[in-house]
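Visitor: Hi, I've got a structure open and would like to talk it through. Can you help me read it?

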Amino acid sequence: MLQIGDKVVYPMHGAGIIAGIEKCEVLGEGRSYYVLQMPLGDMKVMIPADKADHIGLRDVIPEERVDEVRDVLEDEPDRLMGTWNRRYHTNLERLKSGDICDAAAVTRNLVVQERERRISAGERRLLDLARQIVVSELVYACDKSPAEVEVWMDDILAANGSK
């Protein structure tokens, strides 16, 4: 069971701190919920405690793994073929995995693609979500502010493709 103060990642939402554990009654059924405080957007998310494993709630990566994320951001982008719709669904599936390296790869791919040609509105929203997921987890992994993490990421991504 998770404890108040634990730093966790909620797939498709990003990282946060468990700010509390509340009992709520929904449709006549009492249930315990983790209250997750997100560092971006001052958002709170309630997650059923008994479903935490099923939805993929996991610990934030240790600082030692930040180099892996940097390596992914620096790697050559994947050249996804097909329509924007097919690319969108491929990228969406990667984000659903809950793996920070997958979210970093989606961010890298879409940033580089946007430089080469305009991306669709759906891909733009996906890029924003992927960035948010990566930034929120790195905030806790590196113990830095969101602004510092964003500058770090932007510097790496700016160098990608200009080699």
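This is a predicted model: local features need pLDDT of at least 70, side-chain atom pairs count only at pLDDT 80 or more; totals for chains, interfaces and linings use all residues.

Visitor: What kind of crossing does H4 make with H5?
Guide: H4 passes H5 in a right-handed crossing. A crossing is right-handed if the near helix is turned clockwise from the far one by less than a right angle, and left-handed if anticlockwise. Helices here (H or I, at least four residues) and strands (E, at least two) are DSSP runs, numbered from the N terminus.

Visitor: Which residues make the contact of H4 with H5?
Guide: From H4 you have Arg131, Val134, Val135, Leu138 and Val139, and from H5 there are Pro146, Val149, Glu150, Trp152, Met153, Asp154 and Leu157. Contact means heavy atoms within 4.5 Å.

Visitor: OK, what about H3 and H4? Which way do they cross?
Guide: H3 passes H4 in a left-handed crossing. Helix H3 covers residues 100–116 and helix H4 covers residues 121–142, and they pack at about 135° with their axes 9 Å apart. That makes H3 oblique to H4.

Visitor: Now Arg115. Buried or exposed, or in between?
Guide: Arg115 counts as partly exposed, at 44% relative accessibility. Buried means under 20% relative accessible area, exposed over 50%, and partly exposed in between (1.4 Å probe, protein chains only). You'll find Arg115 in helix H3.

Visitor: What lies 2.3 Å from a polar atom of its side chain?
Guide: For Arg115, that's the backbone oxygen of Leu157.

Visitor: And Arg87, where is that?
Guide: Look in helix H2 (residues 84–96) for Arg87. Arg87 is buried, with a relative accessible area of 9%. A polar contact of 3.1 Å joins the side chains of Arg87 and Glu123. A polar contact is a pair of N or O atoms within 3.5 Å; within protein, one must be able to donate a hydrogen and the other to accept it, and residues adjacent in sequence count only if both atoms are side-chain atoms.

Visitor: How about Asn160, buried or exposed?
Guide: Asn160 is buried, with a relative accessible area of 1%, and sits in the segment after H5. The backbone oxygen of Leu73 lies 2.7 Å from a polar atom of the Asn160 side chain.

Visitor: Last topic: what's the phi of Leu27?
Guide: Phi of Leu27 is near 55°, a positive value in a residue other than glycine. Most residues other than glycine have a negative phi. Leu27 is in the loop between strand S2 (14–26) and strand S3 (29–37), and is exposed, with a relative accessible area of 87%.

Terms used:
Residues are numbered from 1 along each chain as its sequence is written. Side-chain values use heavy atoms; hydrogens and water are left out. Axes are lines fitted to C-alpha atoms, for helices over the stretch in contact, and angles run from 0 to 180 degrees between N-to-C directions. Angles under 35 degrees count as roughly parallel, over 145 as roughly antiparallel, 65 to 115 as roughly perpendicular and the rest as oblique.
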